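Subject: Structure handover

Hello,

Here is the structure for your files. Please open it next to this message; my notes follow below.

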Amino acid sequence: MTLRHHEVRGHRLAVLRPADDERRQGPPVVLIHGILVSVRFAPFLLPEQLRQRARWTAIGLPGHAPSVAPAGFSRADVSADWIADLLG
């Protein structure tokens, strides 16, 4: 797995993907964690076969380590367009 940070609209978000993501086929699975966990939990929620073969991306929510939110962030800042910018 590869953990990287992406800057999106002032947010520094953690994004976790399989190291061999470019070689995998099929539609991507996007995982967004809940309030009590971080991006690092996401892969373990996938069934083993899906985790090993599918294209998946786990996105860390703003303000949840290792993601960082800018000052003045509110949950109203997160929208479908915002996530589309992240997935770019």
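How many residues lie between β1 and β2 in their hairpin, and which residue in the turn has a positive phi? Two residues separate the strands. R9 is the one with the positive phi, at about 50°.

First, the ground rules. This is a predicted model, in which local features need pLDDT of at least 70 and side-chain atom pairs count only at pLDDT 80 or more, while totals for chains, interfaces and linings use all residues. Residues are numbered from 1 along each chain as its sequence is written, and side-chain values use heavy atoms, with hydrogens and water left out.

Confidence

pLDDT is the predictor's confidence in each residue, on a scale from 0 to 100. The protein chain has a mean pLDDT of 85. In that chain, 97% of the residues reach 70 or more. Confidence is highest in β4, at 91. It is lowest in helix α2 (residues 80–87), at a mean of 77.

The sheet

Helices (H or I, at least four residues) and strands (E, at least two) are DSSP runs, numbered from the N terminus. Two strands pair if DSSP finds at least two bridges between them.

Four strands form an open sheet with mixed pairing, in the order β1-β2-β4-β3. β1 and β3 (29–32) are the edge strands, and each pairs on one side only. Neighbouring strands are turned by 25° against each other on average, direction ignored. For that angle, axes are lines fitted to C-alpha atoms, for helices over the stretch in contact, and angles run from 0 to 180 degrees between N-to-C directions.

Now the pairs:

- β1 (residues 2–8) runs antiparallel to β2, over seven bridges. V8 has H11 in β2 as its bridge partner. E7 is bridged to R12 in β2.
- β2 and β4 are also antiparallel, over two bridges. Here L16 has A58 in β4 as its bridge partner.
- β3 and β4 are parallel, over four bridges. V30 has T57 in β4 as its bridge partner. I32 stands opposite I59 in β4.

β3, helix α1 (residues 48–53) and β4 make a right-handed β-α-β unit. A crossover is right-handed if, with the strands pointing away from the viewer, the path from the first strand over the helix to the second runs clockwise.

The core

Buried means under 20% relative accessible area, exposed over 50%, and partly exposed in between (1.4 Å probe, protein chains only). A nonpolar core is a set of buried Ala, Val, Leu, Ile, Met, Phe, Trp, Tyr and Cys residues joined through side-chain atoms within 4.5 Å.

The largest nonpolar core has eight residues: A14, L16, L31, V39, A42, L46, W56 and A58. β2 (11–17) and β4 (56–59) are the elements that give two or more residues to this core. β2 is largely enclosed by the rest of the structure, because five of its seven residues are buried.

What does V39 touch, its neighbours within four places in sequence left aside? V39 is in contact (heavy atoms within 4.5 Å) with L3, A14, L16, H33, A58, I59, G60 and P66.

The loops

S38 and P47 both sit in the loop between β3 and α1. S38 is buried, with a relative accessible area of 13%. Beyond its neighbours within four places in sequence, S38 is in contact with H33 and A65. P47 is exposed, with a relative accessible area of 51%. P47 and F73 are 26 residues apart in sequence. Their C-alpha atoms are 33 Å apart in space.

Q25 is in the loop between β2 and β3. Is Q25 buried or exposed? Q25 counts as exposed, because its relative accessibility is 70%. With neighbours within four places in sequence left aside, Q25 is in contact with R53 and R55. Q25 and A54 are 29 residues apart along the chain. Their C-alpha atoms are separated by 6.7 Å.

Please also look at P66, in the loop between β4 and α2. A cis peptide bond joins A65 and P66, with omega at about 10°. P66 is also one of the contacts of V39, and A65 is one of those of S38.

Best wishes
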